[in-house]
Amino acid sequence: MSLEPKALRAAAALLRRARAAWALTGAGVSTPSGIPDFRGRDGLWRSYDPDRVSSIQGFLNHPEEFYAFWLGRFEKMRQARPNPVHELLSWLESRGFIRGVITQNIDGLHQAAGSRRVLEVHGSARSGTCLGCGRRYPLEWIARRVRLQGVARCDCGALVKPDVVLFGEELSPDFEVAQREVEGADLLLVMGTSLTVWPVAGLVPLAAKQGAHVIIANATPTPYDGLADVLLPGELVEIARLLRQALEVEDARA
Ligand code: NAD
């Protein structure tokens, strides 16, 4: 399936008409910034077992293995810079095309690109919390401890867990806000997610059920492509460039 100019024009028209649009993003918007996704072509779950390195049980049972995996990822996130996809979403918000971004990402790149309303439904890698006394620590402190000791332990002796939602944990409070916003939305622009992680993937059928339009932009098919009014298959950086161009052309004509 290839990206058709007609589909791009249809997506631009939906964005232009929408009054309460939200974007929903996943790991695919950050792969152009050098952060690997999980289930894409070179996704991490091809070489790692998510139960061991990305679940709360894995964290509690083998913290060294968990931290060895995450240290490299956090380092990449610390060095990563926003790419044109993050920039498009920030621009869409600043121009009033979307109200904000609901993201599954934990890398903070939407905020770094200037997006103001960002709902981080899987938490954030910027900090961690002691599971014993609740003290908060910045990512840099956690990374330093892990490099020195293999795990991050608080002064009270308990483990410090990054503030990201692991498999087996409840979602962040932002998820409830996201659900409410999607219930009142008239358009959901989905970018760079395999839509396989629940309950976030459920936001797409929820939007469709409320009568909202759905645009899905992704390199590979998702289980909800059948609900989409417009599909934009392909590379997101290219899609972002063309979508912005289409909206700017219409702007110039208006
Ligand atoms: P996923 O890996 O399951 O899916 C990513 C999707 O993006 C894939 O379908 C892939 O084909 C597509 N994709 C990747 N790069 C693309 C590109 N350049 N252009 C177009 N499409 C592209 O990720 P997910 O759906 O977000 O779910 C995984 C979970 O992992 C999320 O809950 C998230 O919390 C977490 N995660 C976060 C980050 C991050 O913060 N950057 C990175 C990886 C995973």
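Ground rules come before the tour. Residues are numbered from 1 along each chain as its sequence is written, and side-chain values use heavy atoms, with hydrogens and water left out. Since the model is predicted, local features need pLDDT of at least 70 and side-chain atom pairs count only at pLDDT 80 or more, while totals for chains, interfaces and linings use all residues.

Let me start with the sheet. Helices (H or I, at least four residues) and strands (E, at least two) are DSSP runs, numbered from the N terminus. Two strands pair if DSSP finds at least two bridges between them. Six strands make an open sheet, ordered β3-β2-β1-β7-β8-β9, with parallel pairing. The edges are β3 (118–120) and β9 (230–233); each has a single partner strand, so one side of each lacks a neighbour in the sheet. From one strand to the next, the twist averages 15 degrees. Axes are lines fitted to C-alpha atoms, for helices over the stretch in contact, and angles run from 0 to 180 degrees between N-to-C directions.

Look at the β3 end. Strand β2 (residues 100–103) runs parallel to β3, joined by three bridges. Ile-102 sits opposite Leu-119 in β3.

Now the helices on this sheet. Contact here means heavy atoms within 4.5 Å. Helix α1 (residues 5–17) packs on the sheet and touches β7 (187–191), β8 (213–218) and β9; its direction makes about 125 degrees with that of β9. Helix α5 (residues 84–94) also packs on the sheet, touching β1 (21–25), β2 and β7, and its direction makes about 165 degrees with that of β7.

Next, β4. Ser-127 lies in this strand, residues 123–130. Buried means under 20% relative accessible area, exposed over 50%, partly exposed in between (1.4 Å probe, protein chains only). Six of the eight residues of β4 are buried, so the strand is largely enclosed by the rest of the structure. β4 runs antiparallel to β6 (residues 160–164), with four bridges between them. β4 also pairs with β5 (residues 136–138), antiparallel, over three bridges. Thr-129 has Lys-161 as its bridge partner in β6, and Arg-136 in β5. The β4 and β5 hairpin has five residues between its strands, and Gly-134 in the turn has a positive phi of about 80 degrees.

So, is Ser-127 buried or exposed? Ser-127 counts as buried because its relative accessibility is 14%. What does its side chain join in a polar contact? The partner is the side chain of Asp-163, at 2.5 Å. A polar contact is a pair of N or O atoms within 3.5 Å; within protein, one must be able to donate a hydrogen and the other to accept it, and residues adjacent in sequence count only if both atoms are side-chain atoms.

Last, the cores. A nonpolar core is a set of buried Ala, Val, Leu, Ile, Met, Phe, Trp, Tyr and Cys residues joined through side-chain atoms within 4.5 Å. The largest has 32 residues; Leu-15, Ile-98 and Met-191 are among those with the most contacts inside it. Helix α10 (236–253) is one of the elements giving two or more residues to this core. α10 gives the most, with seven residues. A second, separate core of 29 residues includes Met-77, Ile-106, Cys-130 and Ala-158.
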